[in-house]
Amino acid sequence: EDLVKQFPDSLAHRTTLALVLLKQGEATAALKVYDGREYEWPRALPAHRAIFAAVLAANGRKTDAVKIAGPLPRESLRREELALIETLP
């Protein structure tokens, strides 16, 4: 959280925090990490997109999650990242 406060525009820091919160079962808090920021998701790293898609899905926004995760090159994701979105088409 401190790094997000220090570097509020850092997508990497926000995504790491969102992943931690998601893993702790705090899906709503994970989604709030992205509040107030606009990101060009098609240009984001595949890992960041996969985590954001997982956060969206965990918050009942499956359609939005599919839009983010659908075009991801699955071969560029780590096993753990792929597991986050494996239930999405």
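Predicted model: local features only at pLDDT ≥ 70, side-chain atom pairs only at ≥ 80, totals over all residues.
The largest nonpolar core contains 28 residues. Tyr-34, Trp-41, Phe-52, Ala-53, Val-55 and Ile-85 touch the most other members of this core. Two or more residues are given to the core by each of helix 2 (11–23), helix 3 (27–32), helix 4 (46–58) and helix 5 (62–69). Helix 4 supplies the largest share, seven residues. In soluble globular proteins, nonpolar side chains tend to be buried together. Apart from residues up to four places away in sequence, Ile-85 touches Ala-50, Ala-53, Ala-54, Ala-69, Leu-72, Arg-74 and Leu-77.

Helix 4 is made up of 13 residues, and the distance from its first C-alpha to its last is 18 Å, close to the 18 Å expected at 1.5 Å a residue. Of these 13 residues, 10 are buried, so helix 4 is largely enclosed by the rest of the structure. The buried residues are Ala-47, His-48, Arg-49, Ala-50, Ile-51, Phe-52, Ala-53, Ala-54, Val-55 and Leu-56. Their cover includes helix 2, helix 3, helix 5 and helix 6 (79–85). Just after helix 4, Gly-60 has a positive phi of about 80 degrees.

Three salt bridges are present in the structure. In one of them, Arg-43 pairs with Glu-40, with 3.6 Å between the closest N and O atoms. Both Arg-43 and Glu-40 are exposed. Another salt bridge joins the side chains of Arg-61 and Asp-64, at 3.0 Å from N to O. Asp-64 has a relative accessible area of 28% and is therefore partly exposed. Arg-61 is likewise partly exposed, at 38%. A further salt bridge links Arg-78 to Glu-81, where the closest N and O atoms are 3.4 Å apart. The relative accessible area of Arg-78 is 58%, so this residue is exposed. Glu-81, in contrast, has a relative accessible area of 10% and is therefore buried.

Arg-49 lies in helix 4. The side chain of Arg-49 instead reaches the backbone oxygen of Trp-41, at a distance of 3.4 Å. Trp-41 is also one of the residues that touch the most other members of the largest nonpolar core. With residues up to four places away in sequence left out, Arg-49 touches Trp-41, Pro-42, Ala-44, Ile-68, Pro-71 and Leu-72.

Arg-14 is located in helix 2. The side chains of Arg-14 and Tyr-39 are joined by a polar contact of 3.3 Å. Beyond its neighbours within four places in sequence, Arg-14 is in contact with Val-4, Pro-8, Val-33, Tyr-34, Arg-37 and Tyr-39. Among these contacts, Tyr-34 is a member of the largest nonpolar core.

Technical notes:
Residues numbered from 1 in each chain as written. Heavy atoms only, no water. Core = buried A, V, L, I, M, F, W, Y, C linked by side-chain atoms within 4.5 Å. Buried < 20%, exposed > 50% of the residue type's maximum accessible area, 1.4 Å probe, protein only. Helix = DSSP H or I, 4+ residues; strand = E, 2+ residues; numbered from the N terminus. Contact = heavy atoms within 4.5 Å. Expected span 1.5 Å × (residues − 1). Salt bridge = Lys/Arg side-chain N within 4 Å of Asp/Glu carboxyl O. Polar contact = N/O pair within 3.5 Å; in protein donor to acceptor, adjacent residues only side chain to side chain.
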